[in-house]
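Let's take a walk through a protein model, going from single residues out to whole sheets and cores. Have the sequence and the 3D view open as you read.

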Amino acid sequence: MSHRPHQQLPNQRWQIYPQKTELAQQMGQTTSLSPLINQLLINRGIETPEQAQVFLNSGNLILPSPLEDFPDLGMSLELLHNAIASGEKIAICGDYDADGMTSTALLLRSLRWLGAQVDYAIPSRMHEGYGINKRIVEEFHSEGVGLILTVDNGISAFEPIARARELGLKVIITDHHDIPQQLPPAHAILNPKLIRESSPYRGIAGVGVAYILAVSLAQKLGQANDDILTSMLELFTLGTIADLAPLTGVNRHWVKSGLQHLPKSKLPGVLALIQMSGVQLSPGQADESIQNSKLCPPDTLRERLSSASTSSGAETSKFKIQNSKSLKPEDIGFRLGPRINAIGRIADPQIIIELLTTDDMGIALEKAMQCEAINRQRQEMCQEIENQAREIVEIEYLASLQQDRVLVIVKSDWHHGVIGIVASRLVERYGVPVFIGTYEDEGHIRGSARGIPEFHVFDALEYSQDLLGKFGGHKAAGGFSLPSQNLEALRSRLSEFANQCLEPQHLKPLLKIDTSALLNQIHHQFYQQLNVLEPCGIDNPDPVFWTSNVRVTEQQIVGKGHIKLTITQTIDDSEYKIKAIAWRWREYFPLPPRLDIAYKLRENHFNGNTTIELELLGVRLPTQSHIFFAAQSAPLRTTFEYNQQHYTCGIYKNGSVPELRIQNPDGKILAVPLGHSIGLLGSSRQESVEVDVSQPQYNQIFQTALQALSVLSNE
């Protein structure tokens, strides 16, 4: 079987966290966890026994009263209480993303429960764009609304809120977006960016603000029973994960609890969504869900669920939730979230609001089936646009990518609602910031942007603001519009900005890796220990491991272009094997027989058996091991030039471990055991300091030395 050349492997840069071996062992005395797990905690900024205790026991987090941290919460509760008591009409203005739709559903459900007269509106994504506007305010006024409540928007809507005040309406803003220079003239504003920086509530999304408001109101009115509190917690959990909010602090605390409730939800919409999306509950959990739904007889519900899930053709989930007491964030992130988001992107948000607020299982199933069909349409749209965009890149821009350092792609007939997803995929593929747009009409372009760690999207848009119409965003992503005639000027302006902040080495997709592991360390007990990190998500990512110089002993293409393979490693004369999957890697097939691999761990449930598998995220040729084998037959020594200075390097034995030594013109030596990322730097071993060669200041010279020795060992 012929293997493809080196270039056909994923084009990545690996960034391995500094390994703090001593600290990891010290922390083990407090945490009773293995050094590998302690290293993962250290990588997440947890470096003291006290921090470890807080993180590991986040279920016992003691929170201050939200009334202490949100100055306008008392006023908001008063306004809502009075409106409910007097029968005044309340209207919610939401947003069309997952956060906005779940926030709207959460407040609708809770306010109706508390006896409010309440309705809602969501601006049109295609025709009006984000946030409350004057049309909605005036419509509310004509319908006799007395109190407007914004969710996940409103903090920048000065003019629409001023118009509401002119018309005599009361306004409460709940939002989590950045604070503008001038706050709108609302009666009350709840926004975590306005509270003290040390508050545990700082990282909440819009749905978190809605949740705090709803729970506080239910408590104030003496109606905070378990059913309503659990329903609100479930909607908070859905919205927080689907919106990619950080899973730290109070989010982690509440999401952990919400994930345990979701599989046995009493909300028909949540139950229907779980069943339709292919997340499979264990038989016990499914029965419990059915019993919890008091809204139609169990047999009828079972029949509806089984017929619905077969008729929808829901593809089997790669994440099966069996024999597990709670869902994992990835079930929402990969399964439920996209179905909610797809509606906001290309359909009517009313479908989600009705799904999450109905108490009728029949309506819930009907809406969940609509979500299924629309999500499939969204997937096909994304694939088609991605294929067209890649074709444009390969023909027009690939050759100049190193000079341009940014991609700007515009084409007519692309759906504005999904181009942001395509932008993310292109960043993943080409490793550069991507600005992607489509023509709203002949004269105007509307677009989305996604960045890489070294590139600030919002700063780039500001740098180009004289060429743009509206724009907004943050470091990682943004949205913009511009007159069509400014397209070429924008392309060169963004390239100018990219060339100021990006070096050639940045133009590869970044893979952040936690620590190295051997295959004999990966087993059920270790996987169970990893659960202490859950729930994983934004700011608390799934751990990523790497293993050097493994053998690929079997590999085949499965499904829609995935590679299924068997990885083998020999340790102390014993052979260890593990199955692995590489999603959407058809173009790299077949993989070379020897590799360094980077991966996450996944449980696979099949025919009643549970096994641990690897989900490959990256591979590279094992340069170091290749050199090591060459060095065993003949000593390897060579010289090379780096930054216009001459260095010598070679492979030497240090005890039983071979190490690479690099000497600079001043006689200082960097010594690194092969296969490790921690080395010693100094004039002698006694006076040396530990350094991490995966860090940028050492990595380049380390790789240059390996390259020089690699050439020598091939001769």
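Is E386 buried or exposed? E386 is buried, with a relative accessible area of 3%. Buried here means under 20% relative accessible area, exposed means over 50%, and partly exposed is in between, using a 1.4 Å probe and protein chains only.

Some ground rules before going on. This is a predicted model, in which local features need pLDDT of at least 70 and side-chain atom pairs count only at pLDDT 80 or more, while totals for chains, interfaces and linings use all residues. Residues are numbered from 1 along each chain as its sequence is written, and side-chain values use heavy atoms, with hydrogens and water left out.

Helices (H or I, at least four residues) and strands (E, at least two) are DSSP runs, numbered from the N terminus. Not counting residues up to four places away in sequence, E386 touches V422, R425 and R584; contact means heavy atoms within 4.5 Å. E386 and R425 are 39 residues apart in sequence, and their C-alpha atoms are 7.7 Å apart in space.

Now try A598, which you'll find in strand β17 (residues 594-606). A598 counts as buried, at 0% relative accessibility. Leaving aside neighbours within four places in sequence, A598 is in contact with W14, L511, I513, F545, W546, E615, L616, L617 and G618. Take L511 from that list: 87 residues separate L511 and A598 along the chain, and their C-alpha atoms are separated by 8.6 Å.

T240, in helix α10, is another buried residue, at 0% relative accessibility. T240 touches V207, A245, L247, N251 and V255, again not counting residues up to four places away in sequence.

**Two helices side by side**

How do helices α9 and α10 pack? Helix α9 (residues 206-220) and helix α10 (residues 226-242) meet at an angle of about 170°, with their axes 9 Å apart. That makes α9 roughly antiparallel to α10. The axes are lines fitted to C-alpha atoms, for helices over the stretch in contact, and angles run from 0 to 180 degrees between N-to-C directions. Angles under 35 degrees count as roughly parallel, over 145 as roughly antiparallel, 65 to 115 as roughly perpendicular and the rest as oblique.

On the α9 side, the contact involves V207, G208, Y211, A214 and V215, and on the α10 side L229, M232, L233, L235, F236, G239 and T240. Those contact residues divide into nine nonpolar, three polar and no charged. In this count, Ala, Val, Leu, Ile, Met, Phe, Trp, Tyr, Cys and Pro are nonpolar, Asp, Glu, Lys and Arg are charged, and the others, Gly among them, are polar.

Another open sheet has six strands, ordered β19-β20-β21-β22-β23-β24, and here the pairing is antiparallel. Its edge strands are β19 (637-642) and β24 (689-692), each pairing on one side only. The twist in this sheet averages 30° from one strand to the next.

Two strands pair if DSSP finds at least two bridges between them. Here are some of the pairs:

| Strand pair | Sense | Bridges |
|---|---|---|
| β5 (residues 170-174) and β6 | parallel | three |
| β19 and β20 (residues 645-654) | antiparallel | six |
| β20 and β21 (residues 657-663) | antiparallel | seven |

**The cores**

A nonpolar core is a set of buried Ala, Val, Leu, Ile, Met, Phe, Trp, Tyr and Cys residues joined through side-chain atoms within 4.5 Å. The largest one has 121 residues, and those with the most contacts inside it are L80, I90, L106, L111, L407, F435 and F455. Helix α17 (residues 361-397) gives the most to this core, with 12 residues. Apart from it lies another core, of 40 residues, among them L9, I522, F526 and I597. In soluble globular proteins, nonpolar side chains tend to be buried together.
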